[in-house]
Amino acid sequence: MSDDDLDALALLHDPVRRSLYEAVAGRGGEVGRQEAAEAAGVSRTLAGHHLDKLVEAGLLESGFRRPERGGPGSGRPAKVYRRAAGERSVSLPPRDYVTLASVLAGVVDELGAEERAERAARLAGERLGRSRGGRPVEEVLRERGYEPYADAGGLRMRNCPFHVLSHEQPLLVCSMNLALCQGLLDGLGDDPGRARLDPRPGECCVALSKTNGD
Amino acid sequence: MHLAELNIAHLRGPVDSAELADFVALLEPINALADEAPGFVWRLKESEADPTATVVHDYGDHLLVNFSVWEDLDSLWNYVYRSGHLEVLRRRREWFHRVAEPYMVMWWVPEGVIPTLAEAMARLERLRTEGPGPEAFTFKDSYTSSEAASLPAAAEARK
C-alpha cells in the first residue's frame, strides 16, 4: 500500500465524489459531465469540479469527445471521463497476495496442471456458493467484485477480479474463473451450465446465459 | 511498426485423422474471426479457396504453423485471449502435444513488410536459445517497437 493509494481512496469519502465515481465506473465507458451530474444529482459545475479531482488522484481518466456534427458552430469537444485502468488497493496491515498467486500460477503452467487447477477452482466456487445459499447469483457476483450487468437476457461482467493474473496467464486464469463461476452457480443451487466463456476486450471473460426457467 | 507473430504446434495426428477433425472444422470460423479482428494485418494462408487448408512447409508434417502480422500487441492479445479464439485455445491438449520450449514468438517489422516463414522460424530459434529480447519476444516479456528500433541492426538497416 502506498500513501498515494490511501489518499486517492480517501477522496471517495465525500458522498458526491463517491456517487460521481460510481456513475462513471458503472457505465463501463466514457461519461460526459452532464450525464455524471444527473446520475449524482448535482449541478454540472459541481460535478466537473469533483470529477477533475478524481482525475488528479488517478481514479478516473479524462479525454475529449468531438461533437458529432463537425464544422463551425458545432461547439467545443466535450470533456468525458472513464475509470482509470490502474488499480488501487489498501490493506491494513499490508498484505500482498498477488505476488504469491503469480508465482503459483507460473508453477501450474510449468507443470501443465491446468485441469487440476480448474477442478480446485470449481470446488472453491461451490463452497462459496453454499455459504451464500439461496441468494441470487447476480448479488453474489456483485459482492465479489465482478460488476455484473444485464445483457441479452443474461449477465455479463464488467470487471475481472483477477485482472493482473488474467493478463499474465490468461488461459489458466480465465479457465479457473469459468470453473469458479460454474461452481458458484452449483453451490447456490443454480444451473452451472449458465456460465460460459465469452471473452470481450476490457471485460470479464465469463458470461451467464439466462436462467432455464425464463 | 507492425507486429509479426509465429506460433507452432505439434499435432497429435495427421491433419486428416479423426483425432484432428474438430480442430480442422474450427479452422474456418477461427481464421475468419482473426481476419475481422481489429488490428489484423495479414496471415499466411495455404490457399485462398480452401479455408481449411493448413500451411504446407519444410519443417515436418506434424508441425502446425500460424504466422501473422498485427498493428500492435494489444490487438493480437485481444484476438488470442479476448475473443472466441480463447475457447479453441483451451482445447489445445486434445489436438497438440505439450511442449516445454517456447512455441510462440513476436517481433516488430516495418509497416508494409511481410516477413518470410524462414525468418520467423529463425526468430523462434533465437528465442529458444537466447531468451526474450527486442528481436524475439513473448507476451510475458514483451518489447516496444521503439526498443526494437534502437537496436544496432535496425540502425544499420536505416543507413
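Reader: In chain A, what share of the contacts between residues at least 6 apart in sequence joins residues at least 24 apart?
Author: This is a predicted model, and two residues count as in contact when their C-beta atoms lie within 7 Å. Chain A holds nine helices and seven strands. Among its contacts between residues at least 6 apart in sequence, the share joining residues at least 24 apart is 59%.

Reader: What is the corresponding share in chain B, for residues 24 or more positions apart?
Author: Along its sequence, chain B runs β-α-β-β-α-α-α-β-β-α-α-α. Of the contacts in chain B with a separation of 6 or more, residues 24 or more positions apart account for 73%.

Reader: Which residues have the most contacts inside the largest nonpolar core?
Author: Nonpolar side chains tend to be buried together in soluble globular proteins. The largest nonpolar core here has 50 residues. Its largest share, ten residues, is supplied by helix α9 (residues 170-187) of chain A. The residues with the most contacts inside this core are A:V206 and B:W107.

Reader: Which residues does A:V206 touch, leaving aside those up to four places away in sequence?
Author: A:V206 belongs to the largest nonpolar core. Not counting residues up to four places away in sequence, A:V206 touches A:M157, A:N177, A:L178, A:C181, A:A195 and A:L197.

Reader: Why does the radius of gyration of chain B agree with that of a compact globule?
Author: The C-alpha trace of chain B spans about 50 × 30 × 25 Å along its principal axes. A compact globule of 159 residues would have a radius of gyration near 15 Å, and chain B agrees because its value is 16 Å.

Key:
Residues are numbered from 1 along each chain as its sequence is written. Chains are lettered from A and ligands numbered from 1 in the order in which they are written. This is a predicted model: local features need pLDDT of at least 70, side-chain atom pairs count only at pLDDT 80 or more; totals for chains, interfaces and linings use all residues. Helices (H or I, at least four residues) and strands (E, at least two) are DSSP runs, numbered from the N terminus. A nonpolar core is a set of buried Ala, Val, Leu, Ile, Met, Phe, Trp, Tyr and Cys residues joined through C-beta atoms within 7 Å. A residue is buried if 20 or more other C-beta atoms lie within 10 Å of its own, exposed if 12 or fewer, and partly exposed in between; C-beta atoms are placed from the backbone. The radius of gyration is taken over C-alpha atoms; the globule rule is 2.2 Å times the number of residues to the power 0.38.
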